[in-house]
Amino acid sequence: QVQLVESGGGLVQAGDSLTLSCAASGGTLYAMGWFRQAPGKEREFVSAIVWNTGTSYYEDSVKGRFTISRDNAKNTVYLQMTSLKPEDTAIYYCAGGKTLLALTTWALVDYWGQGTQVTVSS
């Protein structure tokens, strides 16, 4: 069974940067990425990467600020977040999927990490 363990969340000020990490074990995934869920909001897609090719995808609000990458040797995906805004505050969930579609639609995600809190103060 695939397990996803994520880390890197924290409390930062607007304009700061954070990098989230998600380590996968127990199986092979076609794509990995991140969703986030803010208080009172639905879980939304943030970013995804196709493991073998490195092709990346982003939700419009984070384009130019967030960068997703992967380290094949470490079986780890990273989300580098810069120029953070208060509206980025959310629990960020690492996600794994057997297809690309699964990593852009939360209901189709095959595996979830435990979530890590990112809080951005004004």
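The structure is a predicted model. Its largest nonpolar core has 26 residues. An open sheet of 4 strands runs in the order β1-β3-β8-β7. An aromatic cluster is formed by F35, F45, Y93 and W112.

**The nonpolar cores**

- In soluble globular proteins, nonpolar side chains tend to be buried together.
- Here, the largest nonpolar core holds 26 residues. Those with the most contacts inside this core are L4, M32, W34, F66, L79, M81 and Y92.
- At least two residues each come from β3 (18-25), β4 (31-37), β5 (44-50), β7 (66-71), β8 (76-81), β9 (90-97) and β11 (116-121).
- β3 gives the largest share, with 4 residues.
- M32 shows how such a residue is surrounded. Neighbours within four places in sequence are left aside here. M32 then touches residues including L4, C22, A24, I68, V77 and C94. Its contacts also include A48, I49, W51, A95, G96 and L103.
- Another core, of 8 residues, lies apart from the largest one. Among its members are A48, A95, A102 and V109.

**The open four-stranded sheet**

- Strands of a sheet pair through backbone hydrogen bonds, either parallel or antiparallel.
- In the sheet β1-β3-β8-β7, the pairing is antiparallel.
- β1 (3-7) and β7 stand at the edges. Each has a single partner strand, so one side of each is left without a neighbour in the sheet.
- Neighbouring strands of this sheet are turned by 15° against each other on average, direction ignored.
- β1 and β3 are joined by 5 bridges, in the antiparallel sense. Across this pair of strands, E6 stands opposite C22 in β3.

- β5 is mostly covered, with 6 of its 7 residues buried.
- On one hand, β5 pairs with β4. These strands run antiparallel and share 6 bridges. G33 is the residue opposite A48 in β5.
- β4 and β5 make a hairpin with 6 residues between them. In its turn, G40 has a positive phi of about 75°.
- On the other hand, β5 pairs with β6 (residues 56-58). This pairing is antiparallel, over 3 bridges. The bridge partner of A48 in β6 is Y57.
- β5 and β6 also form a hairpin, with 5 residues between them. G54 in that turn has a positive phi of about 80°.

**The aromatic cluster**

- The structure holds 3 aromatic pairs.
- The rings of F35 and F45 have centres 5.7 Å apart. Their planes stand at 75°, so the pair is edge-to-face.
- F35 lies in β4 and F45 in β5, so this pair ties together parts that are 10 residues apart in sequence. F35 and F45 are both buried.
- F35 also pairs with W112, again edge-to-face. The distance is 5.3 Å centre to centre, with 70° between the planes.
- The F35 and W112 pair links distant parts of the chain. F35 is in β4 and W112 is in β10 (residues 111-112), 77 residues apart.
- W112 stands at 30% relative accessibility, so W112 counts as partly exposed.
- The charged end of R43 sits over the ring of Y93, 3.8 Å from its centre. R43 also lies over the face of W112, at 4.6 Å from the ring centre.

- Which residues of β11 point to the buried face? They are T116, V118 and V120.
- β2 (residues 10-13) runs parallel to β11, and 4 bridges join them. Q13 has S121 as its bridge partner in β11.
- β9 runs antiparallel to β11, with 3 bridges between them. A90 has V118 as its bridge partner in β11.

Definitions and conventions: Residues are numbered from 1 along each chain as its sequence is written. Side-chain values use heavy atoms; hydrogens and water are left out. A nonpolar core is a set of buried Ala, Val, Leu, Ile, Met, Phe, Trp, Tyr and Cys residues joined through side-chain atoms within 4.5 Å. Buried means under 20% relative accessible area, exposed over 50%, partly exposed in between (1.4 Å probe, protein chains only). Contact means heavy atoms within 4.5 Å. Two strands pair if DSSP finds at least two bridges between them. Axes are lines fitted to C-alpha atoms, for helices over the stretch in contact, and angles run from 0 to 180 degrees between N-to-C directions. Rings of Phe, Tyr and Trp (its six-membered ring) pair if their centres lie within 6.5 Å; planes under 30 degrees apart count as stacked, over 60 as edge-to-face and the rest as tilted. A charge sits over a ring if NZ of Lys or CZ of Arg is within 6 Å of the ring centre and within 35 degrees of the ring normal.
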